[in-house]
Amino acid sequence: MRQPLILALGALAAAVPAAAEQPLPTYPGTVHTRIGNDLVIGGEYYRMAYFLTPDPVARVAQYFAAEWDRLGIPTTVDGSPASQLVVSAFYTREGLQRSVVLCRRGGKTLGFSVLKDLWTRPDAGGVAEEAPLEGALFTQDFSARDGAVGRARTELVAADLGTVRARVVARLTGQGFRLVKETDGSEAGRKGLVMEFGKGGARVMQVLTAVDPATTARVQTWMGEGPR
Amino acid sequence: MIGLALVAWIAAAPAAGVDVGPVGRALLAHMAQGLSDARTGEWVTYRLDPGDGRVTFWRLAVVGEEKDRLGRDAYWLEMEWGTHAALAAPLAQLRLLVAKEAGLSRGGITRMFWAQGADRAAEVDEASLAATARPAAPRERGTDDASALVRTGEQSMLMTAAGSVAAVPVEAFYRQTAVKRLWISRQVPVLHLAKLELPAVHHTLELQGYGVQAKPRMILPDPKETKIHLEAGGAP
């Protein structure tokens, strides 16, 4: 009795009109845990949750693909059940994309349920976007839509740890920040640094990790009165 | 695909030589005959089968009436294309202000909104439409030729996915070859077209559903949004 009811509720949720709170895709019989509130990733609005199920990746993917197909929503399936499968549905009338990203972890299927707004872009609010660090191969900004938490940047830089450290220190001291704390962040055989910069009530954390001798990962988190 | 071609055909200058394909030409010839008796709320959905398995669905709905900028009585006509009969998430959407007297001809359309895929809808600017706003009903090749022949049959019941409708078959021949078959039905709203066949290329367009309570479905852009400007291509 419970399973058909859940299925019916899932189908109902997927058909809610645009004016209502837009729901995330849900897999029946699982608990979905929200990841933050509405997020801004790479300049686009997202809503995300994750769930765990003993069902195999292919069965979960098939459920979403069949359900969206039944509703007449254009759907794509990318990847492989052995590594990662992504099922996406494009709600073209409302400018929304619903996706599930599925992979196998610890004998269970881990699913990330994602709602992406294809039409609305966040307002910069007059704050200038910070340029990527010199040598950046990849840059991704992450923040909350309502500004409730600080903003974070993930970056992969084509330079060794020492060079990236020097560039970070030069940039932030140029902006008036002062290095207030620096600790060794080495972990699992990889060299790393954790730095804290301060300017008035603003704090900027830097976590640098050597990926290989010529590449460094950088996570920068603004806290306090930093740019949002 | 027909949707995009239709936009190009409507908005492009004749010099561009836009080709909408055999189904598009046949439809435009039919649609150019006017929408004078269409009523607000009427809708019709067709199933398009180009013979290669890539079936699509096309919905037309009359969703409002007003005077156009030339003072003519006009309809707001919404068109949608998609791969599912429900068109819950169409792959293309078009909203046109069409003068009743002129129909879906180049001179009959004075406003146009267009959305493709998951993009937000945008309006085509007035200049793009004004460039084509002259009466120019499309003509099919061969219709003036002595070798062309149109034969009308007796009204009979035609089975469709939307049920049986009373329809009159009309066949167009060119040099003894049937190039187009249409089934015209008073029961079918908007275009009065129940079925269209192009035997030579195995294309068919068939009634999928129809009704009289259509509401506007396209989410229109803010009037302050930038409009699309279309320019003719292909001409030197």
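## A tour of chains A and B

Start by selecting V44(B), L60(B) and V98(B): these have the most contacts inside the largest nonpolar core, which has 49 residues. A nonpolar core here is a set of buried Ala, Val, Leu, Ile, Met, Phe, Trp, Tyr and Cys residues joined through C-beta atoms within 7 Å. Buried means 20 or more other C-beta atoms within 10 Å of the residue's own, exposed means 12 or fewer, and partly exposed is in between, with C-beta atoms placed from the backbone.

Before you go on, note that this is a predicted model, where local features need pLDDT of at least 70 and side-chain atom pairs count only at pLDDT 80 or more, while totals for chains, interfaces and linings use all residues. Residues are numbered from 1 along each chain as its sequence is written, and chains are lettered from A and ligands numbered from 1 in the order in which they are written.

**The core of chain B**

Now colour the strands of chain B that each supply at least two residues of the 49-residue core: β1 (43–49), β2 (56–67), β3 (73–82), β4 (92–99), β5 (109–116), β10 (177–184), β11 (193–198) and β12 (203–211). Strands (E, at least two residues) and helices (H or I, at least four) are DSSP runs numbered from the N terminus. β4(B) gives this core its largest share, 6 residues.

Zoom in on L60(B). Leaving out neighbours within four places in sequence, L60(B) is in contact with W43(B), V44(B), L77(B), M79(B), V190(B) and L191(B); contact means C-beta atoms, placed from the backbone, within 7 Å. Next pick F51(A), F90(A), Y91(A) and A89(B), which are among the 17 residues of a second, separate core.

**Two loops to click on**

Go to the loop between β3 and β4 of chain B and find L87(B). L87(B) is not a glycine, yet has a positive phi of about 50°, and this residue is buried, with 22 other C-beta atoms within 10 Å. Then move to H192(B), in the loop between β10 and β11 of chain B. Here too phi is positive in a residue other than glycine, near 60°, and H192(B) counts as buried with 20 C-beta neighbours inside 10 Å.

**Where the chains meet**

Show both chains: 13 residues of chain B are in contact with 12 of chain A. On the chain B side they divide into 8 nonpolar, 3 polar and 2 charged, where Ala, Val, Leu, Ile, Met, Phe, Trp, Tyr, Cys and Pro count as nonpolar, Asp, Glu, Lys and Arg as charged, and the others, Gly among them, as polar. For the complex, the predictor gives an ipTM of 0.76 and a pTM of 0.71.

**A helix in chain A**

Select residues 161–174 of chain A, which form helix α3. Its buried residues are L161(A), V164(A) and V168(A). Following α3(A) is G176(A), with a positive phi near 95°.

**Last stop: confidence**

Colour chain B by pLDDT, the predictor's confidence in each residue from 0 to 100. The mean for chain B is 81, and 75% of its residues reach 70 or more. Over residues 11–18 of chain B, pLDDT is below 50. Where pLDDT is low, the predicted coordinates should not be read in detail.

Terms used. Two residues are in contact if their C-beta atoms, placed from the backbone, lie within 7 Å. The expected span of a helix is 1.5 Å times one less than its number of residues.
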